[in-house]
Every structure is written in C-alpha cells, then in structure tokens.
Amino acid sequence: MPTTNATDGTPLHYRVFGDGPRDVVLVHGWMVSGAVWDAMLEKLDLTGLRLIVPDHRGTGQSGRPSSGYTLEQYASDVLAVADHAKAQRFALVGHSMGGQIAKWVAADAPSRVSGLVLLNTVPAAGLPLPPDAAGLFRTSAGDREKQKTILGLACKQLPPESLEVLLKDSAGVSKDAIEQCFDSWTAGGFAHRLSAITAPTLVVATDDPFLPPVFLKQAVVGLIQNARMTHLPGPGHYPQVERPAETAALVSAFLAGNAAQA
C-alpha cells in the first residue's frame, strides 16, 4: 500500500484501483476513512480509470498527528498524494467535508483538476450546527453510541450491515481529527475563492436532512461556474454507502462525459 508524507511529515496512506490513463482522486469526509468508498468502488466501471483513494490524516492507515486538521492542510495533503501517485491532472470526487477539500484543491490548482463531482458537499462557507448537534458531533470520538446516533440522523437508507462497517471505520478515527475537523468544516470560510474553479462540476444532492437540494443549489451550485446539480432521491448523507450502484452510475456517467470534453 503506497504511502507518502505531508508537508509537516505526517504519513499519508492511499490505495490505487485500476490502471487506466485517466486519474480520479476520491476525497472522503469527516468521521470516516477512505474505506467509505468501498461499496461504491465495487459497482464502479474502472475502464479507462485509475482511482486514487487516500486516508486523510487521523484516519485509516495514515498518521495521527495532534494538529493539521484544517481544510488548507487537507488540500495540501490531497495534492501530496496526487504528486506521489504521479497524477498530474485528475478529476476529484469529494463527499461531505471531502467536497469542501475538493473545491479548495480545484480553486488552488485549477490547471490540475479536469472535473469535480461533489456528493452532499458541505458548502465552502461552512455549515454551522445548532448547539445540541454541535456538541454531539464534536464529542463523538471513540463513542459508538454517539456515532450511531449521528449516522441515524444523517442516513435514510443505510442497511444494518453497512451501518456496522461505517461504525467500525469511525471507531478508528483519532480524537484530534474528530474535534479539529469538525471545527474546520463547520467554519468553512472560503466561498470567495470558488470563482477560481474552472473544472466542469456536478453537484449530487440527495434527500439529505442536513444538505437538501434547494440549499445546495443556492450555497454551492450558484457559486461555481460550469456547475450543475442532479438529485438522487431516497438516500441521506452517505449515498455511496446507502445506494452504491446508483451513485457509481452517476459518477461513471460524469467521468465519461468529462473525458469526452477533455
């Protein structure tokens, strides 16, 4: 399993699937690792693709530093992984906080990003939560019941076996990552930079109770040139786990069209 180092020396682990000429980096969100993509990967047509799936710092098999859990550092980490994998130009698929990170990368290095798929993305402006929810989320590290409650609030079509897989993954996320990431994605703070994004962008909305389609259209789609939205009815916040086949089909269709444009 390949590993590289972040700018602060933190080991960054990633996996590679496929050996096609087009590179795609999958960027996961808060409280999980790159394993959150596994159900979708089983359904995805890898023809012509090379998928690069990092574990963010504090998750999966990557290092667990006490600091560096900012959107800017995460974007730097994604670029470090892409560089190590020799992916000079790539599409990005980002979920939730990973959508924020993908947007940061696309705004910071527009010449390197060929396309963006944003699944249930947190807006660049952030997503402040009510005090009760914020307290639950920020103190959930290592607490199975709190994490189960969060997933119960977020998901609508999550099978019991998939819930167990997510809980097992979440149990391994470090306390520093849970707390500091939460502060980073709720704060956001870089909506003004989205005008720098030039890549064709697909925003995927679901029946997510936290990020409904009307909200995403206003807070995300309206701020990115070349952005459009599609709605996948049924699942909640984790469509790649709740409805992996349909989510894979949406991602595949976008990537195929993106390759044709390129």
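Biologist: Where is the place of Asn120?
Modeller: Asn120 sits in the loop between strand S6 and helix H4 (131–138). Helices (H or I, at least four residues) and strands (E, at least two) are DSSP runs, numbered from the N terminus. This is a predicted model, in which local features need pLDDT of at least 70, side-chain atom pairs count only at pLDDT 80 or more, and totals for chains, interfaces and linings use all residues. Residues are numbered from 1 along each chain as its sequence is written, and side-chain values use heavy atoms, with hydrogens and water left out.

Biologist: Is Asn120 buried or exposed?
Modeller: Asn120 is buried, with a relative accessible area of 0%. Buried means under 20% relative accessible area, exposed means over 50%, and partly exposed lies in between (1.4 Å probe, protein chains only).

Biologist: And what is the phi of Asn120?
Modeller: The phi of Asn120 is positive, about 45°, although the residue is not a glycine. Asn226 is another residue other than glycine with a positive phi, near 65°. Asn226 belongs to the loop between helix H8 (213–219) and strand S8 (227–231), and it is exposed, with a relative accessible area of 51%.

Biologist: Changing topic, why is H3 described as largely enclosed?
Modeller: Eleven of the twelve residues of H3 are buried, so the rest of the structure largely encloses this helix. Among the buried residues are Met97, Gln100, Lys103 and Trp104.

Biologist: What do the buried residues of H3 pack against?
Modeller: They pack against strands S3 (22–27), S5 (90–95) and S6 (113–119), and against helices H2 (71–84) and H7 (175–187).

Biologist: What should the twelve residues of H3 span?
Modeller: At 1.5 Å a residue, helix H3 (residues 97–108) should span 16 Å, and its end C-alpha atoms are 17 Å apart, which agrees. The expected span is 1.5 Å times one less than the number of residues.

Biologist: What about the span of the 13 residues of H7?
Modeller: Helix H7 should span 18 Å, and its end C-alpha atoms are 18 Å apart, which agrees. Its buried residues include Ile178, Phe182 and Trp185, and what covers the buried residues of H7 includes H2, H3, H4 and H5. Gly188 follows H7 and has a positive phi, near 55°.

Biologist: Which residues does Val27 touch?
Modeller: Val27, which lies in strand S3, touches Trp37, His56, Val78, Leu92, Val93, Gly94, His95, Gly98 and Ile101, not counting residues up to four places away in sequence. At 0% relative accessibility, Val27 counts as buried.

Biologist: At what angle do the axes of H5 and H6 cross?
Modeller: The axes of H5 and helix H6 (residues 160–171) come within 10 Å and cross at roughly 130°. Axes are lines fitted to C-alpha atoms, for helices over the stretch in contact, and angles run from 0 to 180 degrees between N-to-C directions. H5 and H6 are therefore oblique to each other. Angles under 35 degrees count as roughly parallel, over 145 as roughly antiparallel, 65 to 115 as roughly perpendicular and the rest as oblique.

Biologist: Which residues in H5 and H6 meet?
Modeller: Arg144, Gln147, Lys148 and Leu151 in H5 meet Leu163, Glu164, Leu166, Leu167, Ser170 and Ala171 in H6.

Technical notes: Contact = heavy atoms within 4.5 Å.
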